[in-house]
Amino acid sequence: MQNPPKMKDVAKAAGVSPMTVSRAFKKHASVSQETRSRILAKARELGYVFDSTASNLRSKRTGFIAVTIPSLNNANFADTVTALTAELAEDDLQVLLGYTNYNPDDEQRLVEQLLRRRPDAIVLTGGTHTAQTRMLLSQTNIPVIEIWDIPEDPIQHVVGFSNAKAMEGVVDHLVAQGHRAIGLIGGEGSTDTRGADRRAGFVAAMTRHGLSADALVAAGDAPVSMQPGADAMAQLLATKRSLDAVVGVSDLSAFGAMSECQRHGMKVPKDIAVAGFGNFEISSTCNPGLTTVDACSSEIGLKAGRLLRRLLLDSAETAPPQLIEVQPKLIVRPSTAGPL
């Protein structure tokens, strides 16, 4: 069996030193583009694979970023991770993904396991954690970024938005359209903190407008999907309460509610307006199109990735905590825009 090529073989073929070969495999090393291209071409010809292990040991870097998300089938979180992964790839950093299922205790166990693997940084979806998780992360000397929320007491860095304020914008829109009796589906669970924040924003906006905020219907544990939304809407309709609008804490729950209204012969938005949150694909393809909030999930991942690259390139231990606020966008569609 032929021995695999070594760095010195590539160096000889390219007419450079082994140190230059090593630098050529690092994007930010001081090697001209012409020299790097020649070295990489020779490496491909010889079948050489660069071993980053020794380099990582010297720099005390592992080359991966730990990321936790609450749901694997949520398109918003998928978009965030996709954008984050693409940005980190510019520095040859890889994402190690963990799944918390909206459970703070699961997040704690996951963080403990991830920290044992010495990630270069850790990104947490959400700003609510157990006391043990906060202690572990406050004692680590790596960058910690909380995304998707703006916590009152951040651990270190934050890239997110106020879910409460974003929901207030939905209520303001409905009130401007002339709606007064407005209900909310979801957001009651203790695990989905973003849903709870949206519920709080709904109550705050309704109160600010001098309207009753007591039409709050539970929709089960997070993530709230279509069937719980439909069930919650059926519960609302069974009370014979006169509502002229309803909001779901997610697009999926809102779509379920809208479908339930249509099953009862109610026309949307003529008989009742419906709005959601998240700008999922279904919100633009259903009929009528669903008014929603675009949380700018890809932008969150992009900005978190850029922040991480700066922190790791400079000095994470001396960088002051940073708050990068993303601005969600209200997308008005026919489900709240008056009679069709």
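A salt bridge, as I use the term here, is a side-chain nitrogen of Lys or Arg within 4 Å of a carboxyl oxygen of Asp or Glu.

**Ground rules.** I am working on a predicted model, where local features need pLDDT of at least 70, side-chain atom pairs count only at pLDDT 80 or more, and totals for chains, interfaces and linings use all residues. Residues are numbered from 1 along each chain as its sequence is written, and side-chain values use heavy atoms, with hydrogens and water left out.

**Entry 1: salt bridges.** I looked up the total and found 11 salt bridges in the structure. Helices (H or I, at least four residues) and strands (E, at least two) are DSSP runs, numbered from the N terminus. I then checked accessibility, calling a residue buried under 20% relative accessible area, exposed over 50% and partly exposed in between (1.4 Å probe, protein chains only). Glu168 is buried at 19%, while Arg208 is partly exposed at 47%.

Next came Lys42 and Glu45, with their closest N and O atoms 3.8 Å apart. Both belong to helix H3 (residues 33-46), where 3 residues, about one turn of the helix, separate them. Lys42 is partly exposed at 25%, and Glu45 is exposed at 60%.

I also visited Asp214 and Arg241, whose closest N and O atoms are 2.4 Å apart. Here two loops are linked across 27 residues: Asp214 is in the one between H9 and strand S7 (216-217), and Arg241 is in the one between helix H10 (226-238) and strand S8 (245-248). Arg241 is partly exposed, at 38% relative accessibility.

**Entry 2: cavities.** I searched the whole structure and got 3 cavities of 30 Å³ or more. A cavity is a set of points on a 1 Å grid over the protein atoms alone where a 1.4 Å probe fits but cannot get out; lining residues have an atom within 4 Å of a point. Grid points are joined across faces, edges and corners, and the volume is the space filled by probe spheres set on the points.

The largest cavity holds about 160 Å³. Of its 16 lining residues, Tyr102, Glu107, Thr125, Thr128 and Thr191 are the closest to its centre. Helices H6 (104-116) and H9 (193-208) each give at least two residues to this lining.

Conventions:
1 Å grid on protein atoms, 1.4 Å probe; cavity = no way out; pocket = protein on both sides within 12 Å on 5 of 7 lines; lining within 4 Å.
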